[in-house]
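The following exercises concern one protein chain.

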Amino acid sequence: MTTHTRIPVSLPRRRFLKFGAALGGVAATSSFITVEAVAAGRSKVNMQLGWLASNGIMGEVVAKRMGFYEEEGIELEVTPGGPGVDGVASVAAGRAQVGHLSSSPSLMLARSAGIPIKAFAAGYQKHPFTYFSLESNPIRTPQDMVGKTIATQPTAVILLRALLARNGIAEDQVEVVKMGSDMNQLMTGQAAAVTGWMTNTNALKVLGDGRVDMMLWDAGIQLYANVYYATDDMLANHADVLARFLTGSARGWGEARANPEAGVDHLVAEYRNLSRESELEAVGPVLGFSFNDVTASDGWAAMHPDNWQAQIDTYAELGQFKGKTPTVDDVMNTDILTATESARKQIG
């Protein structure tokens, strides 16, 4: 028999509907978060992705297919995002219990707008966002951008602005043009650099051996990627469910790290649109961003308040917060990390 626990959301309904509309026209249909209890005492968790399913959830796929979630009392459902899908609004409305964001600034901006969500874990310790150039006209440092044309995605223009500000470069010293997902503007000489994720190995093949990489992280803007988040209400009232979910995810990522090829096989079996060959090439970088010296010390999915504060400061200096500037406590919560510390450190 299916039962539902309904918990009132503290945000007034009128204000909640207003923010739902601001997040992309997705109206809130209920003022309650629902956690569904299924057979054998398991809790059903819907994880809303910020984009299409990819290797960024390989650990979750492994955990689901190997029964780790079931052992933790969780039944996981993954809802892909994509164009026209506002994942934050879905989580805020209670249609998903967990959200998965590509980049941490999206959460900070949502919180500034009054959306009651917080990060509780970070899947990638180092953001894969990178500026790609060629040996014939390399960009190895931010200063190399001066006087050149940089192509970047519309949503990433703010990252370039932050990069320039952090390195004391005036915005009018760099010409910025918009791009899509391919690398054509670099290959045709229309731009000296293009942007993308280091984990997208398939798209990077066209650049060949003469590729030069400058990671946003290494250039001074240190964001988290693949951020796990939930509403304030979910964190306050269903921390046990989130802890069991994160424990299952940790076990899945640990298994993927121990057996990368098997992890890829699970991924492409679950999502048949993905190429096994491409994912085998990407699995090294994916695991490299998921595990580093931070996870060796603090466990998989760790995140630090100092890093969040630096991100908040950067975005505040650039005038990106339309509402109040959020505090660290507004955007992150460490309770779930603390509750899962033992399990996460075993595979960190």
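A residue is called buried under 20% relative accessible area, exposed over 50% and partly exposed in between, with a 1.4 Å probe and protein chains only. The model is predicted, local features need pLDDT of at least 70, side-chain atom pairs count only at pLDDT 80 or more, and totals for chains, interfaces and linings use all residues. Residues are numbered from 1 along each chain as its sequence is written, and side-chain values use heavy atoms, with hydrogens and water left out.

**Exercise 1. The chain as a whole**

Determine how many helices and strands the protein chain has, and what share of its residues is buried.

Step 1. Helices (H or I, at least four residues) and strands (E, at least two) are DSSP runs, numbered from the N terminus. The secondary structure of the chain amounts to 17 helices and 12 strands.

Step 2. Of the 348 residues, 55% count as buried.

Step 3. Contact means heavy atoms within 4.5 Å. Among the contacts with a separation of 6 or more, 81% join residues 24 or more positions apart.

**Exercise 2. Strand E7 and its sheet**

Step 1. In E7 (residues 129-134), six of the six residues are buried.

Step 2. Two strands pair if DSSP finds at least two bridges between them. E7 is joined to strand E10 (residues 194-197) by four bridges, and the two run antiparallel. Across this pairing, Phe129 stands opposite Trp197, and Thr130 has Gly196 as its bridge partner.

Step 3. With strand E11 (residues 211-215), E7 pairs over five bridges, again in the antiparallel sense. Here Ser133 stands opposite Val212.

**Exercise 3. Helix H10 and its two partners**

Describe how helix H10 packs against helix H2 and against helix H12.

Step 1. Two packed helices are described by the angle between their axes and the distance between the axes. Axes are lines fitted to C-alpha atoms, for helices over the stretch in contact, and angles run from 0 to 180 degrees between N-to-C directions. Angles under 35 degrees count as roughly parallel, over 145 as roughly antiparallel, 65 to 115 as roughly perpendicular and the rest as oblique.

Step 2. The axes of H2 (residues 58-65) and H10 come within 7 Å and cross at roughly 100°. H2 is therefore roughly perpendicular to H10.

Step 3. From H2, Met58, Gly59, Glu60, Val62 and Ala63 meet Gly248, Ser249, Gly252, Trp253, Glu255 and Ala256 of H10. Ala, Val, Leu, Ile, Met, Phe, Trp, Tyr, Cys and Pro count as nonpolar, Asp, Glu, Lys and Arg as charged, and the others, Gly among them, as polar. The residues of this contact of H2 with H10 divide into five nonpolar, four polar and two charged.

Step 4. The axes of H10 (residues 239-258) and H12 (residues 276-290) come within 11 Å and cross at roughly 130°. The two helices are therefore oblique to each other.

Step 5. Trp253, Ala256 and Arg257 of H10 meet Val286, Leu287 and Ser290 of H12. By class, this contact of H10 with H12 has four nonpolar residues, one polar and one charged.

**Exercise 4. The surroundings of Leu163**

Is Leu163 buried or exposed, and which residues is Leu163 in contact with?

Step 1. Leu163 lies in helix H6 (residues 157-166).

Step 2. Leu163 counts as buried because its relative accessibility is 0%.

Step 3. Apart from neighbours within four places in sequence, Leu163 is in contact with Tyr131, Pro142, Met145, Met214, Leu216, Ala219 and Ile221.

Step 4. Leu163 and Trp217 are 54 residues apart in sequence, and their C-alpha atoms are 9.5 Å apart in space.
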